[in-house]
Amino acid sequence: MKTKARKDSIRKRNNFEEKYSRDPMSNAESERRSHRFRALIATAIVLVFFTTYISELYEVQVSEHSYYTVKSDSNRIRIRPVQATRGLIYDRNGQTLADNINTFNLIVKKELIRDKEIFLQNLQKLVVLNPNQIKEISQQFQNRRLKDITILEDISLDDFSKIAVDRHVLPEIELVPKSKRRYLSPYAMSHVLGYVAKVSDDDIESEVVKVHEGMTEIGKLGIERFYQNILSGKPGYEKLETDAKGKVIRVIEKKQPVRGDDIYLTLDLNLQQYIYNKVDKKEGAIIVMDPNNGDILSFVSFPGYDSNLFTKSISNKRYNQLITDKRRPLINRVIAGQYPPGSTLKPFVGIVALEEQIIDSTKLVNCDGAYELKNHSRPFKCWNKTGHGDSDLSYALAQSCDVFFYRVAQLTGIDTISENLYKFGFGQKTYIDLYGEKSGLIPDREWKAKTKQLPWYQGETLNVGIGQGYFLATPIQLTLATSVLAMDGETYTPHLLKGYKSSSTREIFNYNPLENKFSTVIKDRNYLEIVKHAMWRVVNEKNIGTASNMKKIASIEYAGKTGTAQVYNLDAGKSNKKILQDHALFISYAPYEAPEIVVTVIVEHGGGGSSTAAPLARDIIDFYLKNKNKKIASNE
Amino acid sequence: MNDYIENNRRPFTGLSSLFYIDLKLFMPIVIITIIGLVTIYSSSSGDIALVLKQFTRILIGVIVMIFIAQVHPDNLKLFAPILYFFTLVLLILVLFFGVGKSADRWLDLYIIRFQPSELMKIFVPLMLASYYSDKPLPPKTKYIFFAILIAVLPVFLIMKQPDLGTSLLIGMSGAIAILLAGMSIKFFLVSSFSTAAFAPILWMNMHEYQKQRVLTFFNPELDPLGSGYHLMQSKIALGSGGFFGKGIFNGTQSKLGFVPEHSTDFILTAFGEEFGFFGVLILMTLYLLIALRGLSISIKATDNFGRILSATLSLTIFLYVLVNVGMVIGFLPVVGAPLPFMSYGGTSMVTLFATIGIIMSIKSHQRILRK
């Protein structure tokens with residue numbers, strides 16, 4: 001009973017306690033334990049996070065250390081190339097043709113510009129800009145490839161100090177010193193010297209020029225291009241540590257640039273300038289070469305252009321002007337102008353005919369002003385409608401009789417003519433030290449079949465006989481061919497380099513013309529004498545020579561051959577009607593007995609060779625001889 | 001009663017005991033602050049003025065810590081609601097009268113300018129601990145609802161400022177407190193899902209620059225020179241440090257200005273660049289020691305208030321570390337969150353020392369109720 005009552009009592013008390021009371025001690029204990037449990041879970045979570053973070057930090061700092069080291073260095077280290085001074089170019093007498101001047105460019109780093117409009121406003125407080133310049137600056141803003149914007153180029157020292165004083169107005173801008181190429185006779189020398197401009201992708205891929213790391217400018221044309229590797233030198237560099245804003249903290253390493261070598265050309269500046277001044281309103285080419293060694297004394301392609309324009313970032317507008325100019329000033333006519341040589345080819349055709357014994361010096365051809373060919377409705381006309389009567393080779397050359405050479409060409413045949421003209425240098429490059437040379441054209445059956453899918457007609461042979469039709473020669477080829485005549489077959493590759501001076505050792509390396517000497521075999525020296533004498537008659541035999549009626553040079557005699565090439569030309573762009581226009585040509589060498597210079601003159605649309613080209617050549621020869629005598633006098 | 005006195009006396013030996021200082025908690029912090037001073041000195045290229053300024057803040061922090069450590073936890077518990085609601089009012093005032101550069105976080109009281117949101121970093125855990133202290137644990141569902149309300153109110157107000165980083169940190173410290181107090185698995189799952197559902201609303205309430213930051217975080221290559229720039233450069237700085245670092249004064253990333261904020265939010269990159277993984281490992285271990293010490297204190301604490309509060313606060317400090325380091329190594333989006341005890345700056349330094357002061361107070365004012 002007691003037990004049961006006691007049990008009941010305990011149960012009741014338990015129930016009561018359960019209902020109305022909490023045991024604070026046991027409750028606190030469970031709370032302590034449950035908190036301990038949760039705190040331990042929290043500890044575990046903390047440890048998991050700790051481990052994850054540490055392993056990621058290990059990954060970044062230890063595993064990928066080298067990757068980030070490179071990134072860090074490329075962040076702070078900038079390589080700034082230091083441009084090498086380009087070698088100077090002199091003429092044969094040591095007169096400077098191209099040098100370098102120090103200018104300043106006003107630039108701004110694009111990333112420093114927050115607001116373009118505000119920047120432009122502030123800029124105009126500092127420098128005066130015309131609307132075109134502002135437009136160009138805006139275009140540079142849009143060009144994603146540019147990091148720096150060039151505001152002004154080639155600032156003179158005066159303007160430099162003006163801008164430098166007010167620089168605080170726009171702290172972003174920088175005045176960067178720059179060495180700039182300067183051409184002292186920009187128009188007369190434009191084609192032969194070429195110019196220097198910014199390195200382009202084409203230059204980097206080019207095999208003929210070496211683009212050194214950090215090089216910004218490169219010769220594009222002419223001598224600047226051909227001797228780029230000699231002239232350029234090698235840029236140095238500065239390894240700079242910069243901060244995040246690009247400010248230079250210190251120079252880590254520096255390598256000095258190697259100066260380019262100076263070049264001496266065979267050109268005579270005075271002669272070149274004299275010639276250019278005579279012809280700058282015309283179009284054509286004039287070459288003066290020393291046949292004794294291949295030295296080009298004068299290399300004039302006219303009209304020229306201002307080569308100094310290209311050393312700036314030439315604006316599109318001016319470039320387009322040059323490209324679309326009807327006079328085509330950008331074409332180097334001396335090596336890339338291909339002309340029908342006209343009658344200037346006759347001496348060479350004559351030699352071929354003599355060699356092949358088609359004719360001899362006494363062979364006569366009757367000229368009655370035209371030459372009839374079978375199966376040809378229209379006769380081939382001679383320039384002299386009344387005819388030359390019975391002519392031998394010498395007379396035909398002196399009179400430039402067409403009928404004689406029609407006959408000779410017909411007898412010789414195109415195969416023999418084309419085959420034998422190669423030895424005078426026609427139809428192939430002369431390999432003068434310039435790029436972009438054209439090889440002209442000696443047409444033959446094979447060529448015609450290939451390009452026109454047509455058989456060769458005899459009438460075309462006749463045209464080749466007088467240097468017309470498909471036949472094309474460059475002025476430099478004519479010069480070389482003339483020197484074959486003048487030197488009795490002993491010729492030298494035409495060249496412009498006289499020598500260069502090493503910038504490091506000051507040693508002079510001279511071009512050796514003997515390394516490029518060629519002998520043209522002419523079967524009988526007399527053939528040459530016949531033709532040369534005929535060319536003497538052209539100039540000297542009064543009333544017979546086609547160039548004999550002009551004023552003579554007092555002291556010496558020289559030989560030449562006139563040529564008038566008929567070409568079709570679009571009527572100066574005015575209409576699309578093709579009109580016939582004559583190119584005036586003249587090949588010559590002087591003095592007659594011991595040739596010192598070969599002069600080739602081509603004036604496009606210049607009328608007759610005897611009226612336009614020959615007097616030019618005479619003046620050039622005269623000028624050359626007077627200068628030579630002056631020099632001899634002053635030396636004595 | 002004897003036990004109580006004895007137990008109370010035993011730890012009170014020496015100077016530190018006299019000031020209720022827990023050396024095991026304090027020592028790692030001292031080392032971290034020294035590391036911070038060295039890093040600031042180095043990354044500012046030897047700007048001693050900057051170091052002195054930071055040192056002054058540390059001193060003020062330590063004084064605040066010692067002061068708070070003297071306060072009995074019961075008093076904290078008592079004043080928690082007053083402090084909490086007072087700060088809540090300040091937060092509302094900030095919305096109307098706040099000043100600041102990009103966001104109005106500061107309240108100008110003419111004498112001092114301060115961010116009420118910083119105070120909430122302490123007061124939310126304090127209020128929650130105080131709220132739970134007289135409830136039986138695990139709490140009933142309705143108490144949890146009130147607890148969530150206590151946490152969410154300031155979070156919402158701070159988000160409106162807008163200060164997404166701080167509001168999320170406070171929200172998480174509130175969540176830690178609530179989780180530590182305990183809840184049923186079912187409730188936990190339900191609340192987790194509802195939080196997830198809340199995310200789109202959060203996204204819609206975010207400002208454009210905040211959205212941008214989150215987007216860049218998920219795809220840093222999108223904008224390597226914009227928001228992603230911070231992350232890229234900080235990883236480069238850390239990674240180029242290697243195992244032993246570039247050596248003091250040799251950090252280029254931070255000194256040359258590639259790492260922005262190299263003395264404040266991104267101080268770890270400056271430190272990691274010069275002291276390497278080795279240095280970072282030591283630093284992270286120090287933070288771990290602080291967290292573990294705090295949790296150990298909470299386990300030994302004698303009442304729920306002390307337990308919840310000390311555990312929450314120490315976990316929160318570790319959370320700050322995780323957020324800052326996570327942001328530096330690309331685990332988390334770039335939010336403005338300083339590295340505790342290291343980053344250059346006054347408010348957070350004082351707040352953190354105050355937090356430590358509270359933990360120390362809980363540790364050193366333990367009452368023994370049993371036996």
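1. How many bridges join strand S8 of chain A to S9(A)? There are 6 bridges between strand S8 (residues 236-242) of chain A and S9(A), and these two strands run antiparallel; strands here are DSSP runs of E of at least two residues, helices are DSSP runs of H or I of at least four, and both are numbered from the N terminus. Two strands count as paired if DSSP finds at least two bridges between them. Within this pairing, A:Tyr237 stands opposite A:Lys255 in S9(A).

2. A word on the model and its numbering. This is a predicted model, in which local features need pLDDT of at least 70 and side-chain atom pairs count only at pLDDT 80 or more, while totals for chains, interfaces and linings use all residues. Residues are numbered from 1 along each chain as its sequence is written, and chains are lettered from A, with ligands numbered from 1, in the order in which they are written.

3. The open sheet of chain A is formed by 3 strands in the order S1-S8-S9, with antiparallel pairing. Strand S1 (77-82) and strand S9 (248-255) of chain A stand at the edges with a single partner strand each, so one side of each is left without a neighbour in the sheet.

4. A residue is buried if 20 or more other C-beta atoms lie within 10 Å of its own, exposed if 12 or fewer, and partly exposed in between, with C-beta atoms placed from the backbone.

5. Chain B has 15 helices and 2 strands, and buried residues make up 50% of its 371 residues.

6. Where the chains meet, 38 residues of chain B are in contact with 33 residues of chain A, contact meaning that the C-beta atoms of two residues, placed from the backbone, lie within 7 Å. On the side of chain B that touches chain A, H13(B) gives the most, with 12 residues. By class, that side has 24 nonpolar, 12 polar and 2 charged residues, where Ala, Val, Leu, Ile, Met, Phe, Trp, Tyr, Cys and Pro count as nonpolar, Asp, Glu, Lys and Arg as charged, and the others, Gly among them, as polar.
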